[in-house]
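Have the model open as you read.

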Amino acid sequence: MSRFDHVEAHVSDILRYCRFLQSLFEGGHFDVISKTGTSMFTSPEGINIEVKKRKVEQAPEMSGFCNPCLRRPNPKELILRLGLKIESEQDTSFGKVYFFKDHEGVTWHIKDLPV
């Protein structure tokens with residue numbers, strides 16, 4: 001039986017990204033787990049994201065596991081409160097989906113929970 005352990009994020013500034021994740025998930029914590037500064041962020045729901053130093057300078061492209069998806073009520077308010085720009089919106093049967101990029105160039109999307 002396989003179990004999900006964590007996803008990895010390769011970024012230019014580990015500490016800044018961990019703090020961004022804390023803001024985005026509205027909580028959680030992180031610990032440095034290696035001499036190189038690699039850190040493990042754990043969200044309030046128990047999602048683990050290992051944050052490592054990026055080895056190349058190019059921004060991430062849209063391939064593989066690089067379009068994280070969240071669900072929450074009133075996601076537009078959170079995105080704007082974090083000072084991020086909404087790149088696009090999509091209407092779905094359950095509400096809107098908002099797409100934005102973080103400061104590392106990673107595209108995220110947040111689904112609005114049904115009322």
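Let's begin with one side chain: Glu104 is buried, at 5% relative accessibility, in a model that is predicted. Its salt-bridge partner is Arg54, with N and O 3.2 Å apart.

**Glu104 and Arg54**

- Arg54 is buried as well, because its relative accessible area of 13% falls under the 20% cut-off.
- Glu104 and Arg54 meet in a salt bridge; Glu104 sits in the loop between β7 (95-101) and β8 (107-112), and Arg54 in the loop between β4 (48-53) and β5, so the pair ties together parts that are 50 residues apart in sequence.

**Arg72 and Glu26**

- In the salt bridge between Arg72 and Glu26, the closest N and O atoms are 2.5 Å apart.
- Arg72 belongs to strand β5 (residues 69-72), while Glu26 is in the loop between α1 (14-24) and β2 (29-32); the pair therefore links parts 46 residues apart in sequence.

**A network of charged side chains**

- Glu89 and Lys96 form a salt bridge, 3.3 Å from N to O.
- Both partners count as partly exposed: Glu89 has 39% relative accessibility, and Lys96 has 27%.
- This pair is part of one network, in which salt bridges with shared partners join Lys76, Glu89, Asp91 and Lys96.

**The sheet and its helix**

- In what order do the four strands of the open sheet run? The order is β1-β4-β3-β2, with mixed pairing.
- β1 (7-11) and β2 are the edge strands, each pairing on one side only.
- On average, neighbouring strands of this sheet are turned by 25° against each other, direction ignored.
- Four bridges connect β2 with strand β3 (residues 39-42), and the two pair in the antiparallel sense.
- Val32 has Ser39, in β3, as its bridge partner.
- Helix α1 packs on the sheet and touches β1, β2, β3 and β4; the direction of α1 makes about 155° with that of β4.

Definitions and conventions. Residues numbered from 1 in each chain as written. Predicted model: local features only at pLDDT ≥ 70, side-chain atom pairs only at ≥ 80, totals over all residues. Heavy atoms only, no water. Salt bridge = Lys/Arg side-chain N within 4 Å of Asp/Glu carboxyl O. Buried < 20%, exposed > 50% of the residue type's maximum accessible area, 1.4 Å probe, protein only. Pairing = 2+ DSSP bridges. Axes fitted to C-alpha atoms, helices over the stretch in contact; angles between N-to-C directions. Contact = heavy atoms within 4.5 Å.
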